[in-house]
Amino acid sequence: MEARITTQDMMYIALTAAVTAVSAWISIPAAVPFTLQTFAVCLTAGLLGARRATASVCIYLLLGFIGIPVFSGFRGGIGVLLSNTGGYLAGFVLTALIVGLCADRFGRKLPVLIISMVAGVAVCYAFGTVWYMFLYMKNTGPVGLGTVLGTCVIPFILPDLIKIVAAAVLAKRLHRVIR
């Protein structure tokens with residue numbers, strides 16, 4: 001059976017890619033400033049499911065790749081994606097896929113959404129951390145896992161958990177509307 005993409009699918013994919021871009025520009029000041037990208041990716045996947053959410057995140061990354069300033073700090077270009085922290089951006093594809101597959105397979109009950117979003121963000125952290133360590137060691141020299149986790153992961157855990165809960169609640173409520 002051939003899977004077709006509808007005009008409505010294209011609209012949701014484009015809209016959520018735009019929401020992700022806007023979410024990247026919103027920076028919450030803290031000891032380590034953070035954006036709402038994780039919130040947008042989790043919300044997108046919880047709403048749209050695996051196929052459409054993954055397409056949305058890929059479009060978002062493609063827009064940034066070609067130089068449109070859709071990343072945090074109004075940055076864009078291949079250099080951002082190939083930087084030490086570019087792996088966390090690329091990891092959003094895995095997050096969307098994991099959350100979307102779980103939502104498609106197990107439904108959109110709040111515990112399912114929260115657990116799948118935690119798993120998706122954890123995979124994003126893992127992918128981004130390996131990427132960061134590889135590039136850092138290649139360009140600068142040895143770096144310990146604890147140092148990378150202390151810089152790139154640990155400060156973001158609590159804010160990301162808050163964003164996950166908010167995204168799960170909103171995805172559950174909005175999914176009824178977009179069905």
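How far does α4 reach from its first C-alpha to its last, and how many residues does α4 have? Helix α4 has 21 residues and reaches 31 Å from its first C-alpha to its last, close to the 30 Å expected at 1.5 Å a residue. The expected span of a helix is 1.5 Å times one less than its number of residues. Helices (H or I, at least four residues) and strands (E, at least two) are DSSP runs, numbered from the N terminus.

The model is predicted, and local features need pLDDT of at least 70, side-chain atom pairs count only at pLDDT 80 or more, while totals for chains, interfaces and linings use all residues. Residues are numbered from 1 along each chain as its sequence is written, and side-chain values use heavy atoms, with hydrogens and water left out.

The description continues with α4. Its buried residues are G86, G87, Y88, L89, G91, F92, T95, A96, V99, G100 and A103. Here, buried means under 20% relative accessible area, exposed means over 50%, and partly exposed lies in between (1.4 Å probe, protein chains only). The elements that cover these buried residues include α2, α3, α5 and α6. After α4 comes G107, which has a positive phi near 90°.

Helix α5 can be read in the same manner. At 1.5 Å a residue, the 30 residues of α5 should span 44 Å, and its end C-alpha atoms are 43 Å apart, which agrees. Among the buried residues of α5 are L113, S116, G120, C124, G128 and Y132. The buried residues of α5 pack against α2, α4, α6 and α7. Following α5 is G141, with a positive phi near 140°.

L113 lies in helix α5 and, at 0% relative accessibility, counts as buried. Leaving out residues up to four places away in sequence, L113 touches G46, A103, R108, A168, A171 and K172, where contact means heavy atoms within 4.5 Å. L113 and A168 are 55 residues apart in sequence, yet 5.5 Å apart in space, C-alpha to C-alpha.

T44 is found in helix α2 and is buried, with a relative accessible area of 3%. T44 touches T16, T20, G49, A53 and S56, again not counting residues up to four places away in sequence. A55 also has its place in helix α2, but at 26% relative accessibility A55 counts as partly exposed. A55 and A122 are 67 residues apart in sequence and 20 Å apart in space, C-alpha to C-alpha.

Aromatic rings form another theme. The structure holds 4 aromatic pairs. Rings of Phe, Tyr and Trp (its six-membered ring) pair if their centres lie within 6.5 Å; planes under 30 degrees apart count as stacked, over 60 as edge-to-face and the rest as tilted. One of the pairs is formed by Y60 and F71, which are edge-to-face, at 5.5 Å centre to centre and with 90° between the planes. This pair links distant parts of the chain, with Y60 in helix α2 and F71 in the loop between α2 and α3 (78-81), 11 residues apart. Both Y60 and F71 are buried.

Why is the pair of Y132 and Y136 stacked? The ring centres of Y132 and Y136 are 5.8 Å apart and their planes are at 10°, so the pair is stacked. Y132 and Y136 are 4 residues apart in helix α5, and are therefore separated by about one helical turn. An α-helix has 3.6 residues a turn, so residues three or four places apart point the same way. Y132 is buried, with a relative accessible area of 14%, whereas Y136 is partly exposed, with a relative accessible area of 25%.

The loop between α2 and α3 is also the place of F74. F74 has a positive phi of about 55° although it is not a glycine. Most residues other than glycine have a negative phi. At 54% relative accessibility, F74 counts as exposed.

The largest pocket has a volume of about 510 Å³. Of the 21 residues that line the largest pocket, the closest to its centre are T35, Q37, Y88, F92 and F156. On a 1 Å grid over the protein atoms alone, a pocket is an open set of points where a 1.4 Å probe fits, with protein on both sides within 12 Å along at least five of seven lines, and lining residues have an atom within 4 Å of a point. Helix α4 gives the most to the lining of the largest pocket, with 4 residues.

Notes. Points joined across faces, edges and corners; volume = space filled by probe spheres on them.
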